Amino acid sequence: MIYDILKYCGLFILLVLIQGLMLNNVEIGGYVVPFLYVVFILALPFDTPNWLVLILGFILGVFIDCFVSTLGMHTSATLVMAFCRAYLLKLITPRGGYEFNSKPNIQHMGLTWYLLYAVVLVFIHHMFLFYIESFKLTQFFYTFGRAISSTFFTVVLILIVQLFNYTSTTKV
Amino acid sequence: MRNLIRFLSKNSFIFIFIFLLFISFVFLVKNNNYQNSKVFNSSNFLIGNLYSTINNVNEYFNLKEVNAELAEQNAKLQTMQIGTFTKIFGTTVNFDDTTYSQKYVYTSAKAINNSTNKRENYITIDKGSLNGIKAGMGVVSPKGVIGTVKNVSENFCSVMSILHEKNAISAKIKKSGYIGSLVWKLGNYRIAQVKDIPNHVELHKGDTIITSGYSLVYPEGVVIGVIKDFNLEEGSNFYNINIEFSVDYKQLSHVFIVKSWMKVEQEKLEALNDLEKE
């Protein structure tokens, strides 16, 4: 338990630093920005209390916002995503419920389940973020395209991260 | 009362969510006004220092380009030195020191954080109020215009980049002297548009665009970029001009903050006009 908490703290710091110092400088084709840090919310264990997920999402958002001086934008987007996570997890419960002590990753839940889980949540986060950022509907399709293409890149990054996780745990 | 508590604890998830969402919207609204909050932005102590450490490392990778840029500027300054001029008319040249008075003062600084991929891009710079920097000063680099100082802390300041949708600056076509306004839209960080150039002006690809100096934020004649292409929509009186910036905003390093001595005076004078109208 203590080990898990330390592990998630480390993950938190690592993701904030990677996002703040590296990924914020990445842009593909002028408007695609990957937001890998949301993988923290995705990776929390199933038995995390819902209120804790919300608060962690909030804190994570504040940290990310500090790096880009847009306080509130990432905070609200991550919060909405953390909120939707609870309902999505209920909605896509596998038959027989979640196993005790299992975590949402490809190894435990399978690729299809994980893809559904990640794509839906990341898409919600990105939609919210980009529309809050533009704050108008005049460029609806432009913003929509931004959200979709950024979702794609974020999910690809998340899968790559999962791949790292995969090899290290199968060895043990 | 007990029912109320039970109701609250039963729905605590939704209440916490609404509460936190409310807080973040308050942040958003308060902060959207050009980053009013002093604590939670990239010029605060913790993250400002983190950025300057990272930048120290990054700087090594750009040393070559920066050196070339500095050498180029050194050469330019060298040619302006008094020693390189020869007297043509012997002793008859009259020096009158009161002819010129200083209008702009430059402070050298380093960009330590920078973004180009948002609608509203900001640059953090390692000079702050302790160095006499105030909001509203212009920032230029040896290659061209960078932006306007927006927020100042003790050791850092954040600069509203020219890559900011709300930052329109007045631009002039060097050849013909016509004034338009320069705006940038999210998409390509090398390209911007110049508006309000009337359709009778003769334009060519590659014409230089410079600052007009009207606002006194930037000195007159700082290069912004060159015309990339232009077209005239049917029935429109104004050109659509695309320009390419002379500065690569992804490789910012050494910049100058420009302080105008006469800005206050000019603004006071112009405010008089408004007063008389009322």
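Modeller: Here we set some terms against their definitions, bearing in mind that this is a predicted model.

Biologist: Why are β1 and β2 of chain B called paired strands?

Modeller: Pairing asks for at least two bridges. Three bridges join β1 (residues 104–114) to β2 (residues 120–125) in chain B, and these strands run antiparallel. Three meets the cut-off, so the two strands count as paired. B:A111, for instance, stands opposite B:I125 in β2(B).

Biologist: What order do the strands of the barrel in chain B follow?

Modeller: Six strands close into it, in the order β1-β2-β5-β4-β3-β12, with antiparallel pairing. On average, neighbouring strands of this sheet are turned by 45 degrees against each other, direction ignored.

Biologist: What makes B:I125 and B:V159 members of a nonpolar core?

Modeller: Members must be buried, which means 20 or more other C-beta atoms within 10 Å, and be joined through C-beta atoms within 7 Å. Both belong to the largest core, of 90 residues, and are among those that touch the most other members, as are A:Y37, A:V38 and B:I146. B:V159 touches B:I125 and B:I146, among others.

Biologist: How many residues does each chain bring to the contact?

Modeller: Chain B brings 27 and chain A 25. In chain B, α2 (12–32) and α3 (45–80) each supply at least two residues, and α2(B) gives the most, with 11. The side of chain B that touches chain A divides into 13 nonpolar, 13 polar and one charged.

Note on methods
Residues are numbered from 1 along each chain as its sequence is written. Chains are lettered from A and ligands numbered from 1 in the order in which they are written. This is a predicted model: local features need pLDDT of at least 70, side-chain atom pairs count only at pLDDT 80 or more; totals for chains, interfaces and linings use all residues. Helices (H or I, at least four residues) and strands (E, at least two) are DSSP runs, numbered from the N terminus. Axes are lines fitted to C-alpha atoms, for helices over the stretch in contact, and angles run from 0 to 180 degrees between N-to-C directions. Two residues are in contact if their C-beta atoms, placed from the backbone, lie within 7 Å. Ala, Val, Leu, Ile, Met, Phe, Trp, Tyr, Cys and Pro count as nonpolar, Asp, Glu, Lys and Arg as charged, and the others, Gly among them, as polar. A residue is buried if 20 or more other C-beta atoms lie within 10 Å of its own, exposed if 12 or fewer, and partly exposed in between; C-beta atoms are placed from the backbone. Lists of a residue's contacts leave out its neighbours within four places in sequence.
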